[in-house]
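Hello,

Here is the structure we discussed. My notes on it follow below the model.

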Amino acid sequence: MVKIGTLPMRLLALNERVLNPMLDTVDYVDKSDSTLILRISPKERGHLVLQIGTSDPDRAVAVAMKVVKDVDGIDVNMGCPKPFSLKGGMGAALLSDPDKIKSILTHLVEAVGKQITVTCKIRILNDLEDTLNIVRFDPIYWSGCPSTNGGSSNNRDLVANTHEGILSFWKESTADSVMIARAAEWNVSVFSKNREDIYKIIDDYLDTAIHFDYPFNIVKYNVQQILGSDQDTEKGRKFLSTGTLLDLCNIFDKGDTFSKRQGELSKLKRKLSSCFPNNLLLPEWDSNEELTVMFAPYVRTHYPKPCDIPKAKLLSWFRLKTKSNSAVPSYNTIKTKDKVFQSIVRLGEFGSFASLASEKNIRYSEQAAAIVALHCLGIQKFNQ
């Protein structure tokens with residue numbers, strides 16, 4: 001449940017809040033590498049509760065203060081039994097430390113309780129009285145209420161995974177509300193009387209992800225949850241082998257939709273370039289030099305054979321054209337202020353080329369520049 005929220009929100013206080021004029025969203029971005037942490041649409045206003053994993057009251061408050069204008073509530077995860085939560089003193093680990101629970105909730109309510117709701121998710125402990133002791137805190141510590149997960153602190157039991165089952169459980173529990181866990185990850189139509197086919201859910205999900213330009217790794221993880229056992233089908237296996245969002249979209253016949261939207265966003269970005277202070281940096285070049293640039297990330301799995309590697313293919317072409325077995329393209333690479341790499345490849349009379357994609361190391365950056373050269377010189381087309 002923590003992972004489906006994309007990233008450890010306890011680190012959110014380290015990130016930068018950015019108004020995104022292209023998408024009309026509020027983005028929270030990791031300042032160290034420009035990774036998207038959280039993207040919020042105005043359409044979510046009135047419906048959005050941010051769940052955080054934390055073991056530290058001050059850090060929890062820092063996160064809450066950062067997002068208080070963009071969400072309607074903060075929920076502290078005190079039920080996750082996964083090792084990465086327990087080792088960090090988060091999730092279900094908090095249930096054995098009532099004083100820390102009280103401290104976290106007290107700090108949050110005092111900081112943001114008058115603006116948004118503060119709740120926590122707990123698990124039913126083996127001893128009912130221990131569970132009740134947690135929820136019997138003085139009301140001053142709550143601006144919302146605790147919710148319980150239908151499983152012990154050591155395991156997870158699926159209580160209801162259909163719309164009818166949810167309503168039945170809700171009625172039987174006599175609670176004010178119920179929280180839905182993995183059933184909603186697998187098929188969000190669980191909230192509706194009419195259950196949708198998973199491929200209809202994926203179709204709708206991809207439309208939204210494409211529109212809001214969501215990162216590949218997040219989209220793939222969420223689609224994987226929806227696919228479930230269908231990952232072991234021919235389509236599922238093709239999906240699992242994808243390395244880019246375009247690859248993924250093609251599996252579900254959304255390639256054209258993705259490419260069209262990327263074109264729209266590229267035009268918008270050019271118009272709004274002044275709104276983006278962190279423009280990509282490229283190595284300096286002679287003012288008289290004509291540089292051809294395009295966005296072309298290097299994905300290693302797209303080049304299974306050594307002869308297909310962009311730099312190798314460009315080298316062979318360059319030596320053939322120059323009629324010299326010692327001729328080599330000239331690569332110039334820098335490390336940007338965001339700790340990523342970008343390169344220019346210079347091919348003399350044939351031109352200079354660069355990719356706007358930020359790569360994780362010098363090797364990948366040079367390969368990306370070679371991809372642009374291959375594409376623009378008509379040697380090998382790059383499928384965006």
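The accessible surface of the protein is about 21,000 Å², and carbon and sulfur atoms account for 52% of that. Please keep in mind that this is a predicted model.

Of the 384 residues in the protein, 41% are buried. The secondary structure consists of 13 helices and 11 strands. Among contacts with a separation of 6 or more, 60% are between residues 24 or more positions apart.

The largest nonpolar core has 33 residues, and those with the most contacts inside it are Leu50, Val71, Ile74, Val76, Met78, Leu95 and Leu108. Elements that give two or more residues to this core include strands E2 (25-29), E3 (36-40), E4 (49-52), E5 (73-77) and E6 (117-123), together with helices H1 (57-67) and H3 (98-112). H3 gives the most, with six residues.

Met78 can be followed in detail. Apart from its neighbours within four places in sequence, Met78 is in contact with Gly91, Ala92, Leu94, Leu95, Ile101, Leu105, Cys120, Lys121, Ile122 and Arg123.

I also looked at helix H12, residues 310-322. H12 has 13 residues and reaches 18 Å from its first C-alpha to its last, close to the 18 Å expected at 1.5 Å a residue. Its buried residues are Pro310, Leu314, Trp317 and Phe318. Seen down the axis of H12, these buried residues fall within an arc of 100°, so they line one face of the helix. They pack against strand E9 (330-335), strand E10 (341-346) and helix H13 (362-376). After H12 comes Lys323, with a positive phi near 55°.

Regards

Methods
Residues numbered from 1 in each chain as written. Predicted model: local features only at pLDDT ≥ 70, side-chain atom pairs only at ≥ 80, totals over all residues. Heavy atoms only, no water. Helix = DSSP H or I, 4+ residues; strand = E, 2+ residues; numbered from the N terminus. Buried < 20%, exposed > 50% of the residue type's maximum accessible area, 1.4 Å probe, protein only. Contact = heavy atoms within 4.5 Å. Areas by Shrake-Rupley, 256 points an atom, 1.4 Å probe, with all protein chains shown as cover. Core = buried A, V, L, I, M, F, W, Y, C linked by side-chain atoms within 4.5 Å. Expected span 1.5 Å × (residues − 1). Arc of directions from axis to C-beta.
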